[in-house]
Amino acid sequence: MASDEGRDGDKLSGLQWLSRERPEAMGHLLAFFRESGRHLDPKTRFLISIVTKVVRLSPRGLRQYIPRAVREGATRDEVLDAILCAYPAAGLTNVIEAVQVLRSLDLPAPAEAAEPEGDPEWTTVARAGDLPPGGAAVVEARGRSLALFNVDGTFHATSNTCLHEGSELGCGSLDGNVVTCYRHGWTFDVTTGACLTRPGRSVPSYPVRVEDGEVRVLA
C-alpha cells in the first residue's frame with residue numbers, strides 16, 4: 001500500500017495530518033488548549049512552554065519558545081528561572097542541556113513597554129526622604145518602569161532596563177554617579193544614561209525635580 005505522503009503528494013506534519021483526517025476531534029482539542037490559556041498573558045504562556053520543553057528535553061522546542069518569551073518581555077533571568085523550575089520533573093541532565101541551549105541563543109532584546117499616550121507629564125514617583133544619598137530604587141511613572149537615583153542629594157532617573165540582558169538598573173549599586181548592574185556588571189552614568197561599558201550606547205534619562213518633599217519625573 002502506498003504511503004500517505006506518496007498517495008497524497010504532500011508532506012504533512014503529524015498535527016496537520018490529524019487535523020485533516022479528524023477535523024472535529026482536533027478542533028475540540030485545539031479549542032481546549034486555547035481556552036486553557038485564555039487568562040494568561042503571552043509571556044507567561046511561553047515561559048510555561050519552556051518548562052514543558054525542558055521536561056521533554058526538546059532542544060528544537062526550546063529554540064522556538066525561548067526567543068518568543070523574550071520578545072514578549074521575559075528577561076534572561078526569567079527564562080533561566082523557568083528552566084530551573086522544571087528540575088523536579090525533568091531532572092538535572094535535562095536542565096543542564098536546556099541551559100546550554102539558552103547560552104547558545106542570540107536572543108532579541110526584551111520587548112519594551114508601550115509608550116504612554118500623550119505628552120510627557122510630571123509624575124510623583126517617591127518621597128525625597130525615602131531615598132537617601134547613594135541610594136537607588138525602582139519606581140513607576142505612567143506605566144513605565146524607571147530607575148531612580150540619589151547622587152549626593154540630587155535625584156536622577158533613567159530607564160530601568162539594562163542594555164545587556166534587561167535586568168533592573170534600579171536594583172544595582174550606586175557609586176557616585178555610576179550605577180553597576182547587579183547581573184553582569186555593566187555600568188551607566190545615571191546623570192546622562194550613558195553606558196560606560198559600551199561607549200556610544202545609552203539608556204533614556206528623564207528630567208527630575210523635587211517639590212514639597214516629593215520626587216517628580218517628567219515621563
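**Notes on the model**

1. Cys85 is exposed, at 58% relative accessibility. The model is a predicted one, and the values here are computed from it.

2. Cys195 is the contrasting case: its relative accessible area is 3%, which makes it buried. Which cysteine sulfur is closest to that of Cys195? The sulfur of Cys162 is, at 7.0 Å, and this is too far for a bond. A disulfide would need the two sulfur atoms within 2.5 Å. The count of disulfides in the structure is zero.

3. How many salt bridges does the structure hold? There are eight. One of them joins the side chains of Glu78 and Lys43, with 3.2 Å from N to O. Glu78 belongs to helix 6 (residues 76-85) and Lys43 to helix 4 (residues 42-55), so this bridge ties together parts that are 35 residues apart in sequence. Both ends are partly exposed: Glu78 has a relative accessible area of 28%, and Lys43 stands at 22%.

4. The partner of Asp77 is Arg183, and the N to O distance is 2.4 Å. Arg183 is partly exposed, with a relative accessible area of 30%. Asp77 is partly exposed too, with a value of 21%.

5. Arg216 and Glu211 form a salt bridge in which the closest N and O atoms are 2.3 Å apart. Glu211 is partly exposed, at 27% relative accessible area.

6. On the surface, Tyr87, Leu92 and Ile96 make up a nonpolar patch. Together these three residues have about 320 Å² of accessible area. Ile96 is located in helix 8 (residues 92-104). Is Ile96 buried or partly exposed? Its relative accessible area is 46%, so Ile96 counts as partly exposed; the exposed class begins over 50%.

7. Thr187 lies in strand 7 (residues 187-189). With a relative accessible area of 18%, Thr187 is buried, as the cut-off for that class is under 20%. Beyond its neighbours within four places in sequence, Thr187 touches Val178, Val179 and Thr180, and also Ala194, Cys195, Leu196 and Thr197. Cys195, one of these contacts, is the buried cysteine of point 2.

8. Tyr206 is part of strand 8 (residues 205-206) and is buried, at 17% relative accessible area. What does Tyr206 contact, leaving aside its neighbours within four places in sequence? The contacts are Arg144, Leu146, Ala157, Thr158, Ser159, Val217, Leu218 and Ala219. With Arg144 there is a polar contact between the two side chains, at 3.3 Å. Ala219 is 13 residues from Tyr206 along the chain, and their C-alpha atoms are separated by 6.4 Å.

Notes:
Residues are numbered from 1 along each chain as its sequence is written. This is a predicted model: local features need pLDDT of at least 70, side-chain atom pairs count only at pLDDT 80 or more; totals for chains, interfaces and linings use all residues. Side-chain values use heavy atoms; hydrogens and water are left out. Patches are made of residues with over 30% relative accessible area and no salt bridge: like charges are joined within 9 Å, nonpolar side chains (Val, Leu, Ile, Met, Phe, Trp, Tyr) within 5 Å. Accessible areas come from the Shrake-Rupley method with a 1.4 Å probe; for residues, only the protein chains shown count as cover. A salt bridge is a side-chain nitrogen of Lys or Arg within 4 Å of a carboxyl oxygen of Asp or Glu. Helices (H or I, at least four residues) and strands (E, at least two) are DSSP runs, numbered from the N terminus. Buried means under 20% relative accessible area, exposed over 50%, partly exposed in between (1.4 Å probe, protein chains only). Contact means heavy atoms within 4.5 Å. A polar contact is a pair of N or O atoms within 3.5 Å; within protein, one must be able to donate a hydrogen and the other to accept it, and residues adjacent in sequence count only if both atoms are side-chain atoms.
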